[in-house]
Amino acid sequence: MIDNETNLMIAKSGILAQPNGQSWTNAEIDPAGANAMNGGAGLCGHNDWRQPTILELAGNNPNTGATGTGIITGWDTENICGDGDDEACNSPVSWLQAQGFGSFYTDPDQQARGNYWSSTENDFNLSTAWAVCLAASCFFGTIDPGDIFDYGKNGQIGVLPVRSN
């Protein structure tokens, strides 16, 4: 799927790193295995997939304070998700799915579910990298939807592969 705001091609599924997510280090090598898929031809015929930067994913970089347009920048709790009703989107995932994306990890009772890596390391603690909660709640309700947080690089969370269009 092409995001016209960021000019990125984004994997339509957020559950490629099944069943338990992927560590940041492994996702840096091959995000969700997207480059090795289809006998090395890669997901959708491309093998230059990578993790999005935190700016590309969330529109904000805690290291520098930079802001811009990210994949989930258009989401907020006021958005209408569609499907013929006026129900507001309760998470970035519900908003992304209304835009045509497929499945995502969203189970709040599973530590890895709903959280997604960026490629951006935390400049203040190099053993961690920045991630974003895309579900309605993450880490048993301790992190709100759309929040950016740092997480240990060995942790297993979701990966949303992107590539330049």
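Guide: Let's start with the surface: the protein chain exposes about 7600 Å², and carbon and sulfur atoms supply 45% of it. Accessible areas here come from the Shrake-Rupley method with a 1.4 Å probe, and for residues only the protein chains shown count as cover. This is a predicted model, where local features need pLDDT of at least 70 and side-chain atom pairs count only at pLDDT 80 or more, while totals for chains, interfaces and linings use all residues. Residues are numbered from 1 along each chain as its sequence is written, and side-chain values use heavy atoms, with hydrogens and water left out.

Visitor: How many helices and strands does the protein chain have, and in what pattern?

Guide: There are 3 helices and 6 strands, and along the sequence they run β-β-α-α-α-β-β-β-β. Helices (H or I, at least four residues) and strands (E, at least two) are DSSP runs, numbered from the N terminus.

Visitor: What makes R163 and D48 a salt bridge?

Guide: The rule asks for a side-chain nitrogen of Lys or Arg within 4 Å of a carboxyl oxygen of Asp or Glu. R163 and D48 meet at 2.6 Å, N to O, so the pair qualifies.

Visitor: How many salt bridges does the rule give?

Guide: The count comes to 3. Among them is E121 with K153, at 2.2 Å from N to O. E121 lies in strand β3 (residues 115-121) and K153 in the loop between β5 (148-152) and β6, so this pair joins parts that are 32 residues apart in sequence. K153, at 12% relative accessibility, counts as buried, while E121, at 32%, is partly exposed. E56 also forms a salt bridge with R50, the closest N and O atoms being 2.8 Å apart.

Visitor: What is noted about the phi of A32 and of C44?

Guide: A32 has a positive phi of about 60° although it is not a glycine, and C44 has one of about 55°, also without being a glycine. A32 sits in the loop between α1 and α2, and C44 is found in the loop between α1 and α2 as well. With a relative accessible area of 10%, A32 is buried; C44 has 57%, so C44 is exposed.

Visitor: What makes a set of residues a nonpolar core?

Guide: The set must be buried Ala, Val, Leu, Ile, Met, Phe, Trp, Tyr and Cys residues joined through side-chain atoms within 4.5 Å. The largest one has 20 residues, and those with the most contacts inside it include I10, I72 and F104. β2 (8-10), α2, α3 (92-98) and β4 (128-133) each supply at least two residues of this core. A second, separate core of 15 residues includes W117 and I143.

Visitor: Which residues does F104 touch?

Guide: Contact means heavy atoms within 4.5 Å. Not counting residues up to four places away in sequence, F104 touches several residues, including G14, Y116 and L160.

Note on methods
Buried < 20%, exposed > 50% of the residue type's maximum accessible area, 1.4 Å probe, protein only.
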